[in-house]
Structure formats: C-alpha cells, structure tokens
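Hi,

Here is the model I promised to pass along. Have a look, and my notes follow below.

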Amino acid sequence: MSNTIVPRESEMSLAELRGDCARMAPHWVVPAKTATEPVEPSRIHGVTVPPSSARLIDAMSDYGD
C-alpha cells in the first residue's frame, strides 16, 4: 500500500486547473470536419419508434403540425 497522499479534487485551486488545461491544450487534436451526405430513406431499415415517442414529437410545433 502506498503512503503517497494525493490531494482531493476539491483541494485543487481553479488557477491550478486552468494551468493544467492550458498545458494540455496543444496536445488535443481537433478532427477535420467532414460533410455527411443524406441517407436515402430506402436504406434506413430496422428503426422502430414507440407510439408514445411518436406522439410526443408529433405534438411539438417545431416538427410540424
């Protein structure tokens, strides 16, 4: 068993956390955005929507009435 005492997260200051993030940021890679093409409805199969969910979406004006 180790005798090392690790500080709890709540003991880390905001400044330390921001510093850690700043040091890590250059290592994060952002993937290039790729445009996706719409899928033909004939290729979509095996999807089932419960009637209660369909009624919920149908009742939302954003999705047309």
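How many salt bridges does the count come to, taking one as a side-chain nitrogen of Lys or Arg within 4 Å of a carboxyl oxygen of Asp or Glu? The count comes to one.

Before the details: this is a predicted model, where local features need pLDDT of at least 70 and side-chain atom pairs count only at pLDDT 80 or more, while totals for chains, interfaces and linings use all residues. Residues are numbered from 1 along each chain as its sequence is written, and side-chain values use heavy atoms, with hydrogens and water left out.

The salt bridge joins the side chains of Arg23 and Asp20 at 2.2 Å, N to O. Both residues sit in helix H1, three residues apart, which is about one turn of the helix. Arg23 is exposed at 55% relative accessible area, whereas Asp20 is partly exposed at 28% (buried is under 20%, exposed over 50%, partly exposed in between; 1.4 Å probe, protein chains only).

As for burial, 0% of the 65 residues count as buried. The chain's accessible surface is about 7000 Å², with 60% of that belonging to carbon and sulfur atoms (Shrake-Rupley, 1.4 Å probe).

There is also a nonpolar surface patch of Val39, Ile44, Val47 and Val49, about 390 Å² of accessible area together. Patch members have over 30% relative accessible area and no salt bridge, with nonpolar side chains joined within 5 Å and like charges within 9 Å. Val39 lies in the loop between helix H1 (14–24) and helix H2 (51–58).

Cheers

Conventions
Helices (H or I, at least four residues) and strands (E, at least two) are DSSP runs, numbered from the N terminus.
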